[in-house]
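Subject: Structure for your review

Dear colleague,

Please find below the sequence and structure that I am handing over to you. My findings follow directly after them.

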Amino acid sequence: MLYSEKVMDHFQRPRNLGKMEDADGVGEVGNAKCGDIMKMYIKVKDGVLIDVKFNTFGCGSAIAASSMATEMIKGKPLKDALALTNKAVVEALDGLPAHKIHCSVLAEEAVKAAILDYCQRNRLPLDPALSEPAGGTSCCHTGSCEAE
């Protein structure tokens, strides 16, 4: 079988799918080669992601990776959400085919882009040390961004 049961489950029954009109942060990323586009919405209270939604235009792996990423960060402090890696998304999905790993990279980048947007909107300090190889996105990592 090409895809794990978890990939198929998150593709057929995506969690946290939809647009968030009153989002505190929005991140949109895409891959020109495959045409996948992910948009991640976050709602933050006291430095914790209280709600996360996504819209993905792309293949089943992209939808599954987006869905899994939202499940992995929802309810977490921003600092923990920033630590999400594409490798963790792949592992949580019980693997992806090698030619679909870029979908998990997009999910990581979309999460980081949404948190970066939140930090910029709220004029929170950006920490260049948090720059990640996958997306090159930096974000806040101060007390004002974390749950106390």
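A salt bridge is here a side-chain nitrogen of Lys or Arg within 4 Å of a carboxyl oxygen of Asp or Glu. By that criterion Glu28 and Lys39 form a salt bridge, with their closest N and O atoms 3.7 Å apart. Glu28 belongs to strand 1 (residues 25-30) and Lys39 to strand 2 (residues 37-45), so the pair ties together parts that are eleven residues apart in sequence. Lys39 has a relative accessible area of 28% and is partly exposed. Please bear in mind that the model is a predicted one.

Charged pairs

In the whole structure, the search finds nine salt bridges. One of them joins Lys6 to Asp94, where the closest N and O atoms are 4.0 Å apart. Because Lys6 lies in helix 1 (residues 5-12) and Asp94 in the loop between helix 4 (86-92) and helix 5 (101-121), this pair ties together parts that are 88 residues apart in sequence. Lys6 is partly exposed, at 37% relative accessibility.

Another salt bridge brings together the side chains of Lys74 and Asp51, at 3.6 Å from N to O. Lys74 is found in the loop between helix 2 (60-73) and helix 3 (78-82), and Asp51 in strand 3 (residues 48-57), so the parts tied together are 23 residues apart in sequence. Lys74 counts as partly exposed at 33% relative accessibility, and Asp51 is also partly exposed, at 21%.

The largest nonpolar core has 36 residues, of which Ile42, Leu49, Leu93 and Ile115 touch the most other members. Two or more residues come from each of strand 2, strand 3, helix 2, helix 3, helix 4 and helix 5. Helix 5 gives the largest share of this core, ten residues. Leaving aside residues up to four places away in sequence, Leu93 touches Ser4, Lys6, Val7, His10, Ala64, Ala65 and Met68.

Helix 5 itself is mostly covered, with 16 of its 21 residues buried. From its first C-alpha to its last, helix 5 reaches 31 Å, close to the 30 Å expected at 1.5 Å a residue. After helix 5 comes Arg123, which has a positive phi, near 50°.

Thr56

Thr56 is part of strand 3 and counts as buried, at 16% relative accessibility. Its side chain makes a polar contact of 2.7 Å with the side chain of Ser66. Apart from residues up to four places away in sequence, Thr56 touches Ile37, Met38, Ala62, Ile63 and Ser66.

Cysteines

How many disulfides does the structure hold? There are zero. For Cys34, the closest cysteine sulfur is that of Cys103, and at 5.8 Å it is too far for a bond. Cys34 is partly exposed, with a relative accessible area of 36%. Cys59 is likewise in no disulfide, the nearest cysteine sulfur, in Cys103, being 3.7 Å away. The cut-off for a disulfide is a pair of cysteine sulfur atoms within 2.5 Å.

With kind regards

Definitions and conventions
Residues numbered from 1 in each chain as written. Predicted model: local features only at pLDDT ≥ 70, side-chain atom pairs only at ≥ 80, totals over all residues. Heavy atoms only, no water. Helix = DSSP H or I, 4+ residues; strand = E, 2+ residues; numbered from the N terminus. Buried < 20%, exposed > 50% of the residue type's maximum accessible area, 1.4 Å probe, protein only. Expected span 1.5 Å × (residues − 1). Polar contact = N/O pair within 3.5 Å; in protein donor to acceptor, adjacent residues only side chain to side chain. Contact = heavy atoms within 4.5 Å. Core = buried A, V, L, I, M, F, W, Y, C linked by side-chain atoms within 4.5 Å.
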